[in-house]
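This briefing takes up the ligand site, then the overall fold, and then the contacts of a single side chain. Please keep the structure open while reading.

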Amino acid sequence: MSDDLSVLFSSVRIGSLDLPNRIVMAPLTRNRVEPTTLAPRALNAEYYRQRASAGLIITEATQISQQGQGYLNTPGIYSDAQVEGWKLVTQAVHQAGGRIALQLWHVGRISHVSLQPNGDAPVAPSAIAAKTKTYLAHGFDDVSAPRALEQAEIKAIVRDYAKAAANAKRAGFDAVEIHGANGYLIDQFLRDGSNHRTDEYGGSIENRTRFALEVTRAVLESWEPSRVGFRISPAAPANDMSDSNPAPLFQYLAQELSALKLAFLHVNESQAADGPRFDFVGLRNVFAGAYMANAGYEASSAAKAINDKRADCVAFGKLFISNPDLVARFQTGAALNEWDQAKFYGGDVSGYTDYPALG
Ligand code: 8OZ
């Protein structure tokens, strides 16, 4: 093991969580829960158990309501059956010595009428369709045109977050992460490409961050802030997202989340190859909690980011799909299994729980 990688295997305290290493399993949508209840099952518990040597596991994005679902067979955290299913997962990870946070998700406009209650249109801050596709029973298809939320509905969704967060606690999670990234509902409110509202939820930076902060305070009704994280993707164009001036928007949000004493800010650092460079260090400097970096890291670049004080820990996605024992492989310099992209979304054990660990 080369010296400069050793920081990856050093412990770190993030809020109330003691991580034995700085290698986090990123949230990964896998579309393999029980199809009728959308509850995790033994198969999913086994998948997470295999990866329990991560410093922290963040679960796949988990919808807070039926309305919050946008893809086939993603898990929920709004029914008792789903809470029971997640208990299988948290117990398996804890028995294997790991720590696990649930990621709370509402997709907003990234959905399809076939998944919505009563076949209704998906909801969004504004009635602007995203030019993107989702994964459904019949395969990939265009997302459906959304309708704009009424203010009373926004308040009701905040309550759905509060209930889902309390459910996550009942299910035995160590922490929760609020999914404010990647063009889903919270991000749709944040960025002005998708938010054209003229009420208190649109326009100014203060107004566009209002929903994110209301959701955060709702989660803090049942969770200590030292066990809550927030994920953003300030410069990522995925899911048809854009903002006219992202730096002050995300600076303000990071400052407000810092004032609420959140444990970590998880940043998907993806950005268009040809666009302006986003100042991620500027975000880190205004957030007092831990900075979790993500997107395209490997062991050496992750260790460098931590050694350079640009991050406290790094989340790995695809590498954790194909390497359940990623921590041991980084530590020993063992070869890495390659991932099979055709098996990312949906299916069975194949490409899910059958990647081998070291002998
Ligand atoms: C890939 C496929 C479906 C959903 C995200 C939850 O991007 C996702 C997601 C990723 O955050």
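In this predicted model, the ligand takes up the space of the largest pocket. The shell of residues around the ligand comprises 5 nonpolar and 3 polar members, with no charged residue among them.

**Ligand site**

- The residues that surround the ligand are Thr 29, Ala 61, Tyr 71, Trp 105, His 179, Asn 182, Tyr 184 and Tyr 345.
- Of the 300 Å² of accessible area that the ligand has on its own, the protein covers 77%.
- The side chain of His 179 places an N or O atom 2.7 Å from an oxygen atom of the ligand, and the side chain of Asn 182 likewise has an N or O atom 2.8 Å from an oxygen atom of the ligand.

**Overall fold**

- The protein contains 11 helices and 14 strands.
- Its radius of gyration is 19 Å, close to the 21 Å that the globule rule gives for 359 residues, and the protein is therefore as compact as a globular protein of that length.

**Contacts of Asn 337**

- Asn 337 belongs to the segment that comes after helix 11, which covers residues 326-332.
- The side chain of Asn 337 reaches the backbone oxygen of Ser 322 at 2.8 Å, while a polar atom of the Asn 337 side chain also lies 3.0 Å from the backbone oxygen of Pro 356.
- Through its side chain, Asn 337 thus has polar contacts with the backbone of both Ser 322 and Pro 356, given that such a contact is a pair of N or O atoms within 3.5 Å.

Terms used
Residues numbered from 1 in each chain as written. Predicted model: local features only at pLDDT ≥ 70, side-chain atom pairs only at ≥ 80, totals over all residues. Heavy atoms only, no water. Near = heavy atom within 4 Å. Polar contact = N/O pair within 3.5 Å; in protein donor to acceptor, adjacent residues only side chain to side chain. Areas by Shrake-Rupley, 256 points an atom, 1.4 Å probe, with all protein chains shown as cover. 1 Å grid on protein atoms, 1.4 Å probe; cavity = no way out; pocket = protein on both sides within 12 Å on 5 of 7 lines; lining within 4 Å. Sits in = over half its atoms within 2 Å of the grid points. Nonpolar A, V, L, I, M, F, W, Y, C, P; charged D, E, K, R; others polar. Helix = DSSP H or I, 4+ residues; strand = E, 2+ residues; numbered from the N terminus. Rg over C-alpha atoms; globule rule 2.2 N^0.38 Å.
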